[in-house]
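Open your viewer and get ready to select residues by number. We will go from stop to stop, and at each one you will read what to select and what is there.

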Amino acid sequence: MEFEHPIAGPAREAFAAGWAVSGGPLTYRVHTACIVAVQTAIEHADAPRVLEVTVDLGRLEGMWALLFTRREEQQAVHTRTVSDVWRPLIDRDALAAAVDAVRRDAGLSEARRTLGGLAASALAAARTLLRALADLTGWTALRTAVRNAIAAGRAEGMVNAVAIAAERLGTAGVRLDWDIAFQHAYRSLERLDELWAEADTWLARMLDGAATDLGRVLAGAAEDGASREEMIDAAMDVLASDDAAAVAFTVDWAMTTAADDGALELYRSEGVQRVDIITAGDGRVCETCTGFEAGSPWSSLDVPRLPTHPVCRCCYAADVSLSHFAAWFT
Ligand SMILES: [Zn+2]
């Protein structure tokens, strides 16, 4: 029979109670954190308040689980929305014209082709094609979808900043209503013109990424002696599939940047002087982020900008008075 320390059961219940208060999902990470928390409670079984500390740990883990799950869900929704308006912009006839241009260049004799000439001509054809998208009627819908994704990222970042601050304060008895907070934050951004400018910046990056991807595919196909139809299919596949890399990658990065901007701006507007950087601890943390965490707290004026790389999930954290956000709590 396996021996279990007498505090193990109560500690598990304490962690679960804290997690339940957070309203967060039961993720694999929460489960792992529970095992660690119970082990810690056993090691400090004689310490006063050991179960209260375990409750706090459960609530903290639940908060992070909720934060990351919400971000993932929102990114999935907006990636889909942006893809849905992006795909119709990719026209098979326009792709055929780009393919023909590349095939013409590929047909030139080796002597007349400069080194890397095929890659350069494929990239040029891809750029011409993608630049023309901005003149299509569907472009406005794409721009709006990207702007909305950035607004959602920004709003969620503000909510996250308050959630983290509330967790640091250990607000007993009140609970952040994430959805109400998000709606408030989102509405506060309605008239923010800079979101349109940001949307244009991210759209330019999306086109750049798509041109690079398309150029590479066209050059590779031409090099391999693919037929015209095969090249058009490959081009359609890289640009207009459900999960076109340039779209998914850009939306993810734009929304993460927006979330970090939203958090930092909220902290600054609340007069915060010192900001911590917390790494996501999800196995994808790079050395840069680890260094930024170790260098915390930072002055809010010269805190490094997050994200430091694509798919960076690290966050700002600071102490903030919650008095301005009373409407977000129930
Ligand atoms: Zn990071």
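**Stop 1**

Start by selecting Asp-179, which is partly exposed because its relative accessible area is 47%. Here, buried means under 20% relative accessible area, exposed means over 50%, and partly exposed lies in between (1.4 Å probe, protein chains only). Before you go on, note that this is a predicted model, in which local features need pLDDT of at least 70 and side-chain atom pairs count only at pLDDT 80 or more, while totals for chains, interfaces and linings use all residues. Residues are numbered from 1 along each chain as its sequence is written, and side-chain values use heavy atoms, with hydrogens and water left out.

Asp-179 and Arg-70 form a salt bridge, with their closest N and O atoms 3.0 Å apart. A salt bridge here is a side-chain nitrogen of Lys or Arg within 4 Å of a carboxyl oxygen of Asp or Glu. Asp-179 sits in helix H7 (residues 178–188) and Arg-70 in helix H3, so the pair ties together parts that are 109 residues apart in sequence. Helices (H or I, at least four residues) and strands (E, at least two) are DSSP runs, numbered from the N terminus. Is Arg-70 buried or exposed? Arg-70 counts as buried because its relative accessibility is 11%.

Side chains of opposite charge can pair when their charged atoms come close. By the salt-bridge rule, the count comes to 20.

**Stop 1**

Where they touch, 10 residues of domain 1 are in contact (heavy atoms within 4.5 Å) with seven residues of domain 2.

Between them, the two domains bury about 750 Å², 62% of it on carbon and sulfur atoms. Buried area is the accessible area (1.4 Å probe) that two parts lose on being put together, summed over both. Select Arg-59, Met-63 and Leu-67: in domain 1 these lose the most area to domain 2, together 56% of what that side buries.

How many salt bridges are counted between domain 1 and domain 2? The count is one. To look at a salt bridge here, show the side chains of Glu-167 and Arg-59, which meet at 3.1 Å, N to O. Helix H1 (8–22) and helix H3 (50–86) each supply at least two residues of the side of domain 1 that touches domain 2. The largest share of that side, seven residues, comes from H3.

**Stop 2: further along H3**

Select Thr-79, which is also placed in helix H3. Thr-79 counts as buried because its relative accessibility is 18%. Leaving out residues up to four places away in sequence, Thr-79 touches Val-247, Ala-248 and Val-251.

Next, pick Asp-242, in the loop between helix H9 (228–240) and helix H10 (245–269). At 48% relative accessibility, Asp-242 counts as partly exposed. With residues up to four places away again not counted, Asp-242 touches Arg-80, Ser-83 and Arg-87. Asp-242 and Arg-80 are 162 residues apart along the chain, yet their C-alpha atoms are separated by 8.1 Å.

**Stop 4**

Show Asp-252 and Arg-313, a salt bridge whose closest N and O atoms are 3.0 Å apart. Asp-252 is in helix H10 and Arg-313 is in the loop between strand S2 (298–299) and strand S3 (315–317), 61 residues apart. Asp-252 is buried, with a relative accessible area of 17%, and Arg-313 counts as buried at 11%.

Then show Asp-261 and Arg-305, whose side chains meet in a salt bridge (2.5 Å, N to O). Asp-261 lies in helix H10 and Arg-305 in the loop between S2 and S3, so this pair ties together parts that are 44 residues apart in sequence. Asp-261 counts as buried at 14% relative accessibility, while Arg-305 counts as partly exposed at 47%.

**Stop 3: the zinc ion**

Which residues coordinate the zinc ion? Select Cys-289, Cys-312 and Cys-314: their SG atoms coordinate the zinc ion at 2.3 to 2.4 Å. Donors are N, O and S atoms within 2.8 Å of the metal (3.2 Å for Na, K and Ca); water is not among the atoms, so sites may look incomplete. Along the chain, the donors follow the spacing C-x22-C-x1-C. Cys-312 and Cys-314 are buried.
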